[in-house]
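Open the model in your viewer and keep the sequence panel beside it. This tour tells you what to select at each stop.

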Amino acid sequence: PLLTFGFYLDPELSSVLICRNYKGDVDMAEIDHFLPLLMTEEEEGVTCPIMMHGNVHFLWIKHTNLYLVATTNKNSNASLVYAFLYKLVEVFTEYFTELEEESIQDNFVVVYELLDELMDFGFPQTTDSKILQEYITQEGAKLEVAKTKVPTTVTNAVSWRSEGIKYKKNEVFIDVIESINLLVNANGSVMSSDIVGTVKLKTMLSGMPELRLGLNDRALFALTGRDKGKTVSMEDVKFHQCVRLSRFESDRTISFIPPDGESELMSYRINTHVKPLIWIESVIEKFSHSRVEIMVKAKGQFKKQSVANNVEVRVPVPSDADSPKFKTSTGHAKYVPEKNLAVWTIKSFPGGKEFLMRASFGLPSVENDEMEGKPPITVNFEIPYFTVSGIQVRYMKIIEKSGYQALPWVRYITQSGDYQLRSNF
């Protein structure tokens with residue numbers, strides 16, 4: 001595909017900043033049709049991530065004041081194209097801190113170098129910024145022209161990890177982070193709920209180690225005929241490129257040579273009924289359109305040994321409210337008028353505890369006849385050393401030819417995702 005960067009702040013002055021034609025099967029002038037098509041769609045209110053001019057398709061994303069556009073005249077894999085465009089944003093942000101028009105203009109040489117390494121003849125190639133930084137430096141004027149030796153990582157089967165890495169102390173830190181998405185209706189019934197999890201690594205290991213991660217995966221236990229203890233059924237599992245997918249598909253073993261430093265090893269979803277970890281009850285009273293009083297009760301419905309940190313309960317209030325007064329049994333509350341919210345913050349919320357907040361607001365003497373929506377109460381929180389799904393790291397084996405000993409460390413965190421409780425406000 002043809003890859004193009006464009007600047008969009010003023011459509012009449014917008015221009016192509018950088019253009020790279022990888023295969024030569026799309027006319028370079030085709031990109032000139034992109035912005036007129038986009039402006040037409042925006043005027044009609046039907047903006048689409050894929051647009052067509054003749055037999056040429058434009059697949060695009062927007063980042064800050066730039067459009068990143070890929071063009072193709074074939075039936076290309078759209079998911080691959082978008083994954084590549086977002087990877088471009090990640091790589092250029094690593095190089096230039098901020099990806100915007102000015103950073104592209106100031107680094108034309110480096111950008112062209114990166115485009116040539118990131119993709120070859122329309123196929124993604126080396127997309128790991130750590131590996132790219134081994135042989136493409138940010139100082140474009142100082143690039144060694146005579147340097148002909150290709151870094152071994154580029155031709156390696158393991159393109160995400162360099163050779164010769166050494167650490168005095170070999171360690172692996174594993175973070176299992178689960179986000180709860182929850183929607184509760186005004187009657188207190190859970191309408192929808194699921195868990196989105198990620199397993200993140202911080203690897204500080206010498207050499208080229210092979211790691212094997214064991215989870216209490218229900219499918220694995222079914223394969224081996226063992227079903228002892230609590231198991232978890234994971235859906236929509238997505239892995240980092242380092243994981244051997246054929247091995248996972250055959251026997252559910254998560255085997256891989258890890259990238260150095262921080263990386264996201266895998267993500268998953270668990271579609272299950274989730275009991276609300278923090279339950280919210282609310283009551284609102286209006287008095288002759290002169291004032292409104294709100295009472296909110298929050299209860300921790302998780303085990304008593306656990307503590308939720310930095311709990312934030314966001315309560316919607318009428319847009320014409322003023323003169324806020326708060327009383328809380330713990331934490332502190334404040335009025336955020338630009339968002340029409342009362343925000344109640346509790347630094348430490350033990351399981352099984354209940355807390356109250358009362359708020360009073362003045363209202364204009366004239367009744368507001370405008371129909372307002374009823375936005376839900378939202379809750380943000382984080383509970384360390386706890387996973388709501390019960391997922392566990394059963395083992396982490398570290399195998400390296402030198403035979404050194406390495407320590408794996410595991411941490412569990414549950415946090416709020418899209419956590420909403422509708423009210424009768």
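Is Asp175 buried or exposed? Select Asp175 and look: Asp175 is buried, because its relative accessible area is 17% and buried means under 20%. Keep Asp175 in mind, as the tour returns to this residue. Note too that this is a predicted model.

**Stop 1: the whole chain**

Zoom out and colour by secondary structure. The protein chain has 8 helices and 23 strands. It holds 425 residues, and 44% of them are buried.

**Stop 2: Asp175 and its partner**

Which residue forms a salt bridge with Asp175? Select Arg411: the closest N and O atoms of the two are 2.7 Å apart. Trace the chain from one partner to the other. Arg411 sits in strand E23 (residues 407-421) and Asp175 in strand E8, so the pair links distant parts of the chain, 236 residues apart. Arg411 is partly exposed, with a relative accessible area of 42%. Asp175, as you saw, is buried.

**Stop 3: a nonpolar patch**

Stay with strand E8. Select Phe173, which is found in this strand (residues 171-184). Phe173 is partly exposed, at a relative accessible area of 31%. Together with Phe173 they make a nonpolar surface patch of about 280 Å².

**Stop 4: Arg269 and Asp236**

How many salt bridges does a search of the whole structure find? The search finds 14. Select another: the side chains of Arg269 and Asp236 meet in a salt bridge, at 2.7 Å from N to O. Arg269 lies in strand E13 (residues 261-270) and Asp236 in strand E11, so the bridge ties together parts that are 33 residues apart in sequence. Compare the cover on each partner. Arg269 is partly exposed, with a relative accessible area of 22%. Asp236 counts as exposed, at 55% relative accessibility.

**Stop 5: a buried charge**

Asp194 lies in strand E9 (residues 190-204). Asp194 is buried, yet has no salt bridge. Why does Arg269 not count as its partner? The nearest side chain of opposite charge is that of Arg269, 4.4 Å away, and a salt bridge needs a nitrogen within 4 Å of a carboxyl oxygen. Now show the neighbours of Asp194. Leaving out residues up to four places away in sequence, Asp194 touches several residues, among them Ser179, Asn181, Arg269 and Thr272.

**Stop 6: a salt-bridge network**

Select Glu210, Arg212 and Arg244. These three are linked in a network of salt bridges. Focus on one link: Arg244 forms a salt bridge with Glu210, with the closest N and O atoms 3.7 Å apart. Arg244 is in the loop between strand E11 (235-239) and helix H8 (245-251), while Glu210 is in strand E10 (residues 210-215); the two are 34 residues apart. Arg244 counts as partly exposed, at 31% relative accessibility.

**Stop 7: helix H2 and beyond**

Select Leu80, which has its place in helix H2. Leu80 counts as partly exposed, at 44% relative accessibility.

Next, select Glu100, in the loop between helix H2 (78-96) and helix H3 (101-106). Glu100 is partly exposed, with a relative accessible area of 31%. With Glu100, they form a negative surface patch.

**Stop 8: two backbone angles**

Most residues other than glycine have a negative phi. The last two picks have positive values. Phi of Phe121 is near 50 degrees. Phe121 is found in the loop between strand E6 (119-120) and strand E7 (123-124). Phe121 is partly exposed, with a relative accessible area of 47%.

Finish at Tyr385, where phi is near 60 degrees. Tyr385 is found in the loop between strand E21 (377-384) and strand E22 (393-399). At 67% relative accessibility, Tyr385 counts as exposed.

Conventions:
Residues are numbered from 1 along each chain as its sequence is written. This is a predicted model: local features need pLDDT of at least 70, side-chain atom pairs count only at pLDDT 80 or more; totals for chains, interfaces and linings use all residues. Side-chain values use heavy atoms; hydrogens and water are left out. Helices (H or I, at least four residues) and strands (E, at least two) are DSSP runs, numbered from the N terminus. Buried means under 20% relative accessible area, exposed over 50%, partly exposed in between (1.4 Å probe, protein chains only). Patches are made of residues with over 30% relative accessible area and no salt bridge: like charges are joined within 9 Å, nonpolar side chains (Val, Leu, Ile, Met, Phe, Trp, Tyr) within 5 Å. Accessible areas come from the Shrake-Rupley method with a 1.4 Å probe; for residues, only the protein chains shown count as cover. Lys and Arg count as positive and Asp and Glu as negative; His and the chain ends are not counted. The place of a charge is taken as NZ of Lys, CZ of Arg, CG of Asp or CD of Glu. Contact means heavy atoms within 4.5 Å.
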